[in-house]
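User: Please take a close look at the ligand site in this model and at the packing behind it. I would like the cut-offs stated along the way.

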Amino acid sequence: MMEKELEALAARALERIEAAGSPEELEAVRIEVLGRKGALARFSKQLGTLAPEERARVGRILNSAKEQLERSFEARKEAFHRRALEQRLEAEWFDLTLPAPGPRPGSLHPVTQVQREIEEVFLSMGFTVLSGPEVETEYNNFDALNIPPDHPARDVQDTFWVEGGHLLRTHTSPVQVRGMERLGPPLRMIAPGRVFRNEEVDASHEHTFYQLEGMMVDREVSVAHLVYFMKQMLSAVFRREVSVRLRPGYFPFVEPGFELDIRCLICGGSGCAVCKYNGWLEQLGCGLVHPNVLRMSGIDPEEWMGFAFGLGLTRLVMMRYAIDDVRLFQSGDLRFLMQF
Ligand code: DAH
């Protein structure tokens with residue numbers, strides 16, 4: 001009697017295990033049949049009412065039914081698990097053959113790039129690259145350059161003074177003094193560097209900017225040499241042959257002093273907005289070294305002569321790349337820097 005019921009129960013349970021459509025449904029069947037209060041547990045309790053030999057026989061049948069159900073339950077559960085895994089593998093995959101985005105390399109600041117190009121040009125022509133300190137003595141920045149004490153360049157308006165009478169150099173010209181004192185004649189040097197002026201900042205004025213100084217001292221140095229070296233430098237920076245002209249200019253440390261212009265790169269000299277319709281672009285100050293300057297640095301002006309020039313490096317870079325706001329250079333703005 002009990003045996004028949006047991007077989008029927010086991011057969012039904014097997015069918016339901018096979019038919020379960022989800023792990024949840026399967027679990028519900030397991031609890032119902034194999035659970036602590038399930039159908040098989042109820043049968044176990046009834047075993048006590050049977051005669052001893054009957055109890056042993058039905059007990060064995062009960063155990064084997066239980067084992068069989070447990071095995072098929074586990075197999076079904078495993079099948080659900082495998083299917084879920086397969087579905088996940090199907091849905092989540094990577095194409096390992098796609099190229100990686102890769103690191104974005106940094107680049108040198110545009111001022112550094114142009115500075116290095118100019119250094120290359122002068123190094124190839126026998127010049128030395130020197131640097132001097134940004135905090136200078138008043139003597140090197142002014143006196144030794146023949147700039148008299150009442151000269152407007154010394155005005156507190158322009159110069160950042162540092163405690164103890166020192167100052168932030170207002171130009172790279174003091175490196176000429178250091179070069180002459182340290183190396184003596186004959187001398188070919190350039191000196192790029194940062195300079196400071198107490199200026200109101202706007203699109204074309206910065207309190208901090210870059211210049212590049214140059215000096216050559218030898219026994220026979222002429223304006224023709226000066227023009228030659230300037231053309232070499234500017235043609236390299238602008239990547240084409242440039243035409244230059246000299247206009248008289250006053251700088252206390254040179255005599256004669258000049259302003260050097262190049263023919264406008266945009267209009268070729270016919271006049272446009274960039275050259276303000278005069279056909280020329282102002283580039284730098286230069287001249288033949290004043291005898292007082294040579295003498296103050298221990299060089300005999302009867303025996304030696306030289307030329308010097310000072311170039312606004314920041315301004316030159318603005319011209320080369322058509323940058324219209326000097327404030328971008330120190331902004332740290334990656335949208336600007338990433339273009340170079
Ligand atoms: N030091 C000058 C300035 O800052 C530029 C300059 C002009 C430098 C003429 C020179 C030179 O060496 O000969 O405006």
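Analyst: For the classes used here, Ala, Val, Leu, Ile, Met, Phe, Trp, Tyr, Cys and Pro count as nonpolar, Asp, Glu, Lys and Arg as charged, and the others, Gly among them, as polar. On that scheme, the shell around the ligand has six nonpolar, seven polar and two charged residues. This is a predicted model, in which local features need pLDDT of at least 70 and side-chain atom pairs count only at pLDDT 80 or more, while totals for chains, interfaces and linings use all residues. Residues are numbered from 1 along each chain as its sequence is written, and side-chain values use heavy atoms, with hydrogens and water left out.

There are 15 residues around the ligand (a heavy atom within 4 Å), and His-171, Gln-176, Arg-197, Gln-211 and Glu-213 come nearest. Three strands, β5 (208-218), β8 (280-289) and β9 (305-312), each supply at least two residues of this shell. Strands here are DSSP runs of E with at least two residues, helices are runs of H or I with at least four, and both are numbered from the N terminus.

A polar side-chain atom of Glu-213 is 2.6 Å from a ligand oxygen. For Arg-197, an N or O atom of the side chain lies 2.9 Å from an oxygen of the ligand. Ala-308 takes part through its backbone, with a polar atom 3.2 Å from a ligand oxygen. On its own the ligand has 360 Å² of accessible area, and the protein covers 89% of this (Shrake-Rupley method, 1.4 Å probe).

Now the packing. A nonpolar core is a set of buried Ala, Val, Leu, Ile, Met, Phe, Trp, Tyr and Cys residues joined through side-chain atoms within 4.5 Å; buried means under 20% relative accessible area (1.4 Å probe, protein chains only). The largest core has 44 residues, of which Ile-118, Phe-122, Met-233 and Phe-309 touch the most other members. Elements giving two or more residues to this core include β5, β8 and β9, along with α5 (110-123) and α8 (223-238). Helix α8 provides the largest share, seven residues.

Phe-122, leaving out residues up to four places away in sequence, touches Phe-127, Ile-190, Phe-229, Met-230, Met-233 and Phe-309 (heavy atoms within 4.5 Å). A second, separate core has 22 residues, among them Met-189, Met-215, Val-254 and Val-293.

Conventions
Polar contact = N/O pair within 3.5 Å; in protein donor to acceptor, adjacent residues only side chain to side chain. Buried < 20%, exposed > 50% of the residue type's maximum accessible area, 1.4 Å probe, protein only.
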